[in-house]
Amino acid sequence: MSNETAPGAPGIVPRWTSSAKSGVGTARNPRSRVWFTLSHGIINEVYYPRVDLACTRDMGLIITDGQQYVSEEKRHTSSEVSHLASGVPAFRLVNTATDERYRIEKEILSDPYHDVVLQRTRFVPLHGTLADYHVYVILAPHLENHGAGNNGWLDENKGVPVLCAQRHDRSALALACSAPWLARSVGYVGVSDGWQDLIQHGRLTQTYERAEGGNIALTGEIDLQSCGGEFTLALGFAEQAYSAAHHARTSLFTGFIPIRNEYIAEWQHWQKSLIDLDNGGDAAMYRTSIAVLHTHEDKQFRGGLIASLSIPWGNSKGDNDLGGYHLVWARDLVESVGGLMAAGATDEVARVMRYLALTQEADGHWPQNMWLDGTAYWHGVQLDEAGFPIVLLAQAWRAKAIGEHVVKAFWPMARRATAFIVRNGPATDQDRWEENSGYSPFTLAVAISALLAAADLADVGHEAALASYLRETADAWNSSIEYWTYASGTDLARKHGVEGYYVRIAPADAQALPPPTGTIRIKNLPPDKSAFAASAIVSPDALALVRFGLRAADDPRMVNTVKIIDAMLKVDTPCGPAWHRYNEDGYGEHEDGSPFDGTGVGRAWPLLTGERAHYELAAGRTDMAKDLLAALERFADEGGMLPEQVWDAADIPEKGLYCGRPSGSAMPLVWAHSEAIKLRRSLRDGRVFDMPAQTEQRYLRDKTGSARTIWRFRDQRKTMAAGQVLRIEVLAPAEVHWSADGWQHVHDLPTSDTGLGVYLADLPTAELAAGSEVVFTFRWPEAGHWEGANFAVRIV
């Protein structure tokens with residue numbers, strides 16, 4: 001019985017689906033603007049026309065006998081996934097019913113020349129014959145990142161039946177099949193959709209032609225007898241449904257085999273152009289990681305790589321979480337393209353630099369994260385995200401991935417980012433985990449590296465005075481890292497038998513006691529349990545001081561810190577060791593395995609296994625680094641996807657959580673795949689691939705110190721070492737009114753312009769004895785008034 005309009009609008013509240021992807025793919029050809037993901041044996045989110053716009057929730061099959069037997073592919077089969085060719089994101093899925101009544105064999109890829117995802121399917125009865133079964137496909141449109149507000153209907157394209165959906169006038173899809181449809185319907189999810197009917201009756205007893213403005217599902221029964229159980233589904237996309245149907249039918253007309261051959265050939269041609277880093281690990285895993293990185297680049301906004309084609313804990317998220325991880329983080333973008341550069345890709349590096357130049361904010365920073373067009377999603381500001389693009393530009397130049405003429409073209413971008421760093425550092429508004437403000441060892445490592453890289457770039461741009469200022473600032477910040485972030489003589493130090501250690505982050509309160517004292521609040525914990533002494537929280541973030549060439553791996557302070565990190569954060573799993581982001585972390589599933597919902601228990605990160613491997617390599621322990629690479633890659637799922645986090649507690653089988661296996665967080669995490677590639681390159685070269693040359697030379701070899709202590713309103717130093725110059729830095733022209741003998745003798749010193757929005761004055765304090773105190777205030781000529789407060793720095 002067919003009805004025109006489905007009842008039950010708008011359907012239940014829409015939700016996304018599992019973030020545990022077993023595959024992600026897209027055609028290499030930029031003419032194809034669709035990306036697909038796989039999980040639990042079926043297609044999940046499909047993205048169109050940009051890699052940040054999800055347009056489906058999932059598409060799977062339901063098998064019935066037309067009466068009482070009902071089996072859902074994603075819930076009632078065991079799935080095996082493999083690649084059609086090494087390094088090619090095209091997949092073969094074999095889904096076998098857990099009751100052994102049938103098997104579904106599928107090949108999934110996209111058309112290189114059209115916006116179409118193709119699924120060639122073979123249904124194999126293991127009990128009975130084809131005549132004993134009915135096969136239905138159910139597709140849940142979530143166009144433009146929204147499960148609500150979708151319109152669906154049954155249609156024909158030149159007499160060929162199709163199932164269509166559209167949202168507004170910007171995005172539409174159409175599902176066509178190489179075999180005839182026996183029945184079709186569209187309904188509201190949870191009320192009148194085909195799934196409800198099939199679960200209850202084993203067949204479609206009610207069909208509907210239209211469902212508008214809701215959370216909808218499209219259902220079609222495939223004529224198994226006419227095709228002998230073999231058929232191809234074509235899911236086409238366009239701005240309008242009729243065009244989407246045309247694209248789907250075009251792909252069906254072309255045929256799956258020639259499309260598959262072209263898809264594979266294009267990927268293999270690109271893979272052959274890259275460096276062979278297959279040694280020291282699973283060769284297929286290396287090629288898979290490269291493909292994962294490249295798959296996450298957009299084809300309209302070239303150079304824009306999103307963090308992951310997934311939504312962490314997606315089955316608990318709805319339209320109120322539009323971004324998921326399919327957004328651009330400048331940090332993840334640079335880390336990811338670093339993996340491509342390690343593999344020998346050069347065109348991608350130039351595209352990323354251009355993309356960064358076009359998405360930079362006017363003041364020099366990049367948004368915390370953003371849509372591909374540069375529109376900010378979250379609005380936090382992270383100092384390392386301003387530093388990473390500068391480091392990338394210098395590294396790409398050093399690696400000859402770009403020429404000097406290209407460096408000069410990007411110098412204005414790097415100069416703006418450098419200005420942002422010196423105006424707003426050394427503390428950051430957010431650390432790399434986007435949770436706390438203050439002095440972070442990781443952020444400081446990136447910022448200092450960026451300043452030195454920018455100094456070299458300034459030399460190329462014939463700005464010698466600026467280059468000198470940047471090196472002086474980098475030296476002063478580098479010499480202050482321990483002042484800001486190293487805790488000594490604490491209960492934690494005594495407990496672990498060390499003199500001191502680097503903390504995760506120290507508060508940057510200019511009126512408080514010197515860091516790393518003070519309190520921090522951990523974001524993902526209940527408010528009444530979130531406050532901790534800064535000295536009580538440690539993190540593998542401190543390893544960045546070695547990774548970026550600021551401290552030697554055998555520096556006693558680093559060795560002390562690593563001892564505490566291992567004691568507090570290391571987790572041994574069946575797949576190998578992994579580390580937590582920091583103690584007391586709340587970003588992860590709850591103890592009972594329920595999804596992260598703003599609070600939870602932080603889980604172990606495979607990414608940090610790779611970072612630890614780089615530390616071991618820097619320390620000369622190559623064999624340990626190789627073992628950690630093997631562990632990192634063992635954390636991947638059957639499709640080679642590396643997760644953001646792995647479950648690190650006792651197994652909870654009913655929730656799919658097993659120790660050492662992916663949790664419900666993002667998968668794949670592109671950054672983790674990049675870390676694995678860079679580690680392979682580092683092992684091949686015998687040195688850390690992405691250690692900046694400037695810091696390595698200046699601080700590890702030349703052991704350059706600093707003759708200056710910098711005071712600024714954001715970092716009001718209370719003390720300075722005897723023999724140093726006190727540099728005062730402000731953000732507007734000023735006259736420094738100062739004295740070193742209790743105002744008996746007074747001096748006035750005007751500031752000079754650095755050209756970066758920072759004005760400085762160097763007080764001649766090098767000859768002052770320990771115990772002296774420098775007192776100063778400011779007169780602001782442009783505003784015509786005095787500061788109205790005195791500041792003091794004691795010489796120790």
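This is a predicted model: local features need pLDDT of at least 70, side-chain atom pairs count only at pLDDT 80 or more; totals for chains, interfaces and linings use all residues.

Tutor: Gladly! Residues are numbered from 1 along each chain as its sequence is written, and side-chain values use heavy atoms, with hydrogens and water left out.

Student: What counts as a strand, and when do two strands pair?

Tutor: Strands (E, at least two residues) and helices (H or I, at least four) are DSSP runs, numbered from the N terminus. Two strands pair if DSSP finds at least two bridges between them. Here, strand 2 (residues 23-26) pairs with strand 3 in the antiparallel sense over 4 bridges. Strand 3 also pairs with strand 4 (residues 42-47), again antiparallel, over 4 bridges, and Trp-35 stands opposite Tyr-47 of strand 4.

Student: How many residues lie between the strands in the hairpin of strand 3 and strand 4?

Tutor: There are 2 residues between them, and His-40 in this hairpin takes a positive phi near 55 degrees.

Student: Are the faces of strand 3 covered or uncovered?

Tutor: First, the idea: buried means under 20% relative accessible area, exposed means over 50%, and partly exposed is in between (1.4 Å probe, protein chains only). In strand 3 (residues 35-39), 5 of 5 residues are buried. Trp-35, Thr-37 and Ser-39 cover one side, with Phe-36 and Leu-38 on the other.

Student: Why does Thr-219 count as buried?

Tutor: Thr-219 counts as buried because its relative accessibility is 0%. This residue sits in strand 17 (residues 216-222). Its contacts (heavy atoms within 4.5 Å) beyond four places in sequence include Tyr-136, Leu-163 and Trp-195.

Student: And what is a nonpolar core?

Tutor: In soluble globular proteins, nonpolar side chains tend to be buried together. A nonpolar core is a set of buried Ala, Val, Leu, Ile, Met, Phe, Trp, Tyr and Cys residues joined through side-chain atoms within 4.5 Å. The largest one here has 232 residues, and Phe-231 and Leu-356 have the most contacts inside it. Helix 11 (residues 441-460) gives the largest share of this core, 14 residues. A second, separate core has 18 residues, including Met-720 and Phe-778.
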